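This briefing goes with the structure shown below. Please read the points alongside the sequence.

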Amino acid sequence: MIPELGQYSLILAMIMAAFLAVIPMVGASKGSLFLMSFAKPLAKSLFLFMLISIFCLAYAFATDDFSVKYVAGNSNSALPVYYKLSAVWGGHEGSLLLWVFILSGWIFAVAIKSDGLPTDIMARVLAVLGMVGVGFISFTLITSSPFERLLVNTPLEGADLNPLLQDIGLIIHPPLLYMGYVGFSVAFAFAIAALLSGKLDVAWSRWTRPWTNLAWAFLTIGITLGSWWAYYELGWGGWWFWDPVENASFMPWLMGTALVHSLAVTEKRGLFKSWTLLLAIFTFSLSLLGTFLVRSGVLTSVHSFAADPERGLFILVLLAITVGGSLLLYAIKAYDVKSESNFELLSRETLILINNVVLVIICSMVLIGTLYPLIIDALGGGKMSVGPPYFNLLFVPFSLLLAFFMGIGILLRWKKSSPRKLLKQLLPSFFLAIAVGISAAYLFNQELAFKATLALVLAFWVVFSLILDAFSKVSNKADKLVGLSKLSPSYWAMQIAHLGVVVTMVGVALVATYSEERDIRMVPGDIVTLAEYSFEFQGAEKISGPNYSADMGTIEVLKNNQFFATMHPEKRFYPARGSMMTEADINAGLFADVFVALGEPLADGAWAVRLQYKPFMRWVWFGGVLMMFAGMLTVFDRRYKIRKSALPVTA
Amino acid sequence: MTPKRKQRLILVLFVVFGAAIAVALTVYALSQNINLFFSPQQIANGEAPVGTRIRAGGMVVDGSVKRDPNSLKIEFAITDYLQTVIVNYEGILPDLFREGQGIVAQGEMDQNGVFQAVEVLAKHDEKYMPPEVQDALDKTGYDQEGNKQ
């Protein structure tokens with residue numbers, strides 16, 4: 001009964017979304033307040049029905065209702081209850097339901113937080129979100145309903161959740177990633193509403209910015225968690241593979257980062273308006289493309305759960321309608337949206353423009369590398385893949401370039417800056433960054449690898465700029481500390497976000513350059529040395545867990561001949577699916593990770609063992625956490641507290 | 001030219017210049033890093049280049065996996081049921097590697113017609129079949145167990 005209730009709720013949600021897409025939109029174009037007033041109640045009921053629907057699916061999982069095909073395929077009665085609940089999004093159907101549920105959550109949030117917004121804009125924004133909802137709820141209902149039943153041959157036991165997904169990382173990574181993906185639909189809806197009404201003023205940007213920043217923050221942490229999860233759960237210590245599915249989430253992030261910057265210019269200076277709209281459209285289109293790539297099964301990827309051409313076609317059509325429709329609208333209406341002021345060459349606007357160009361270039365390269373094999377295959381040119389060297393070759397120089405300009409852009413003022421003052425600030429910090437960066441690189445490793453050294457120099461370059469800028473903000477205050485504490489949350493967010501980029505950059509540069517790794521056959525008593533660590537393999541024993549059995553190895557690690565840690569990597573066997581899983585043991589530290597994993601048992605009690613030393617590994621993700629924190633912080637800025645009264649317009 | 005136009009020109013030139021470099025780099029990088037896929041039959045016909053990074057895939061032949069007792073060297077054969085190719089690999093195999101499973105490996109052909117793999121690709125799901133391998137099998141007309149369709 002409960003699964004049917006879920007299905008009915010989903011259908012009702014679909015109807016609500018359809019009404020939401022049409023009624024307020026008609027109202028806005030006819031100027032009918034009555035029709036527009038339907039927007040909020042419809043948005044709220046859409047959310048309510050989605051909530052019921054996903055709750056019903058969770059209930060089916062919690063009660064081991066294996067007559068539901070999706071539950072039978074992704075759960076098992078021996079599974080701990082928290083994994084049963086997270087198994088809701090462990091497969092294709094449920095993760096789509098989660099996607100739509102999160103969309104309805106964003107719609108609900110916009111509806112209850114839109115009191116200060118002009119009624120017609122609010123009606124249009126919610127109507128556009130309703131259209132997106134119609135597209136994806138119908139996709140779920142038609143091609144991938146998670147409520148389908150197996151009433152004839154009801155299995156007694158479920159097939160179990162894929163062991164890789166039985167992990168805290170899977171519990172939180174997909175919802176956060178989807179919060180980001182789907183969150184950009186709000187920026188998209190605002191962009192479409194602006195195009196439809198031909199109005200794009202300061203109030204519009206103040207409205208759009210917090211939503212966009214929030215979506216960006218979620219996407220940032222979603223990607224970070226995905227990388228962290230791949231690192232420890234896929235078992236082999238890789239943290240970024242340029243896998244098409246990773247690219248699928250990275251592309252909207254790059255475009256979204258450009259959007260966040262461009263929106264800042266639009267809000268503060270009334271410039272780049274049509275460009276901002278275009279970025280909002282692209283960002284959401286890339287989110288949809290990401291959904292298509294992951295969910296259609298066109299990819300050779302660790303994430304392709306199941307291939308189904310019908311599903312792929314459906315999303316492709318949705319994608320074509322969204323991109324085609326919104327670009328057409330853009331072509332017709334963007335001319336109405338005019339920028340209001342000018343800027344000089346040496347100004348923050350120019351540097352943000354450079355930031356945007358570089359980000360869009362990087363994004364296009366990732367897009368080409370990701371889609372090229374698919375296009376060639378579709379044209380009958382044979383199977384191929386584009387390897388990580390392609391992406392690294394392009395990504396590394398452009399992101400270093402971005403860091404160089406970041407150091408300049410932070411110090412520039414809006415509209416125009418004095419070249420002499422800028423040089424006076426930048427020259428000392430330039431030479432200091434080179435000196436400190438090279439010394440730091442030398443202290444860490446006498447090799448002085450070029451890219452790692454350059455990254456460290458640029459890291460200090462940006463950090464010095466951040467410090468200089470903070471001090472120039474309070475240079476005329478009597479008490480510097482009081483002055484600093486009075487700076488606005490969005491200023492601090494700017495500082496923290498850029499610091500986050502630096503932290504990630506340092507982490508990536510050092511771990512990519514100085515990691516050491518050995519795959520080796522070890523018999524009990526063997527000792528292997530890696531960097532300043534030595535590893536003694538002491539054998540493996542059998543253990544058993546709730547729904548698996550395992551071999552657990554014991555490896556004693558010495559650092560500079562002092563005891564460091566005893567590590568227990570496992571090789572697990574999950575009988576429900578008959579699958580093997582590697583559980584690595586990782587000793588995480590602020591400056592280095594030590595990573596051990598068991599390969600396979602060999603003759604005479606020997607094991608294949610992977611040993612790794614990964615310096616500054618944590619920094620890669622810690623930077624992501626800082627960026628997320630910064631994105632969240634901007635939402636609390638006072639100037640986004642919209643009141644009913646007219647907004648003060650400031651430059 | 002007014003100063004304002006001059007500024008615009010500089011900006012536009014910057015964008016065009018940046019985009020041109022990006023396109024050139026992309027084309028170069030792409031041409032260097034494409035890994036073509038070859039089925040055992042194509043390899044047996046000599047279609048696969050020697051000494052170039054390629055991908056090869058097929059079903060792991062039952063009973064073909066041989067390990068070196070003193071290292072992580074391993075040898076196995078992959079097949080599309082028409083032709084068979086010997087693969088050499090040194091390192092740890094993914095959890096889902098087993099005989100009778102469809103796999104894709106990355107590496108190079110050597111002079112003796114042996115595929116020297118540097119990476120054997122792991123998949124999430126034991127039911128998963130790499131699309132390349134499925135495609136290669138479809139062409140030979142055998143199913144995954146090696147029965148003629």
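The model is predicted. In chain B, the domain assignment gives two parts, domain 1 (1–34) and domain 2 (37–140). Chains A and B are joined by strand pairing between S1(A) and S1(B).

**Domains of chain B**
- Taken over C-alpha atoms, the centres of domain 1 of chain B and domain 2 of chain B are 42 Å apart.

**Strand pairing**
- Strand S1 of chain A (residues 384–386) runs antiparallel to strand S1 of chain B (residues 34–38), and three bridges join them.
- Within this pairing, Ser385(A) has Asn35(B) as its bridge partner.
- S1(B) also pairs with strand S2 of chain B (residues 54–60), in the parallel sense and over two bridges.
- There, Phe38(B) has Ala56(B) as its bridge partner in S2(B).

**Helix H15 of chain A**
- Helix H15(A) covers residues 419–444, which is 26 residues.
- At 1.5 Å a residue H15(A) should span 38 Å, and its end C-alpha atoms lie 36 Å apart, so the two values agree.
- H15(A) has a kink of about 25° at Leu426(A), shortly before the proline Pro428(A).
- Ser429(A), Ala433(A), Gly437(A) and Ala441(A) are buried in H15(A).
- An α-helix has 3.6 residues a turn, so residues three or four places apart point the same way.
- The buried residues of H15(A) pack against helix H16 of chain A (450–473).

Note on methods: Residues are numbered from 1 along each chain as its sequence is written. Chains are lettered from A and ligands numbered from 1 in the order in which they are written. This is a predicted model: local features need pLDDT of at least 70, side-chain atom pairs count only at pLDDT 80 or more; totals for chains, interfaces and linings use all residues. Domain bounds come from an automatic or database domain assignment. Two strands pair if DSSP finds at least two bridges between them. Helices (H or I, at least four residues) and strands (E, at least two) are DSSP runs, numbered from the N terminus. The expected span of a helix is 1.5 Å times one less than its number of residues. The bend at a residue is the angle between axes fitted to the seven residues ending there and the seven starting there. A residue is buried if 20 or more other C-beta atoms lie within 10 Å of its own, exposed if 12 or fewer, and partly exposed in between; C-beta atoms are placed from the backbone. Two residues are in contact if their C-beta atoms, placed from the backbone, lie within 7 Å.
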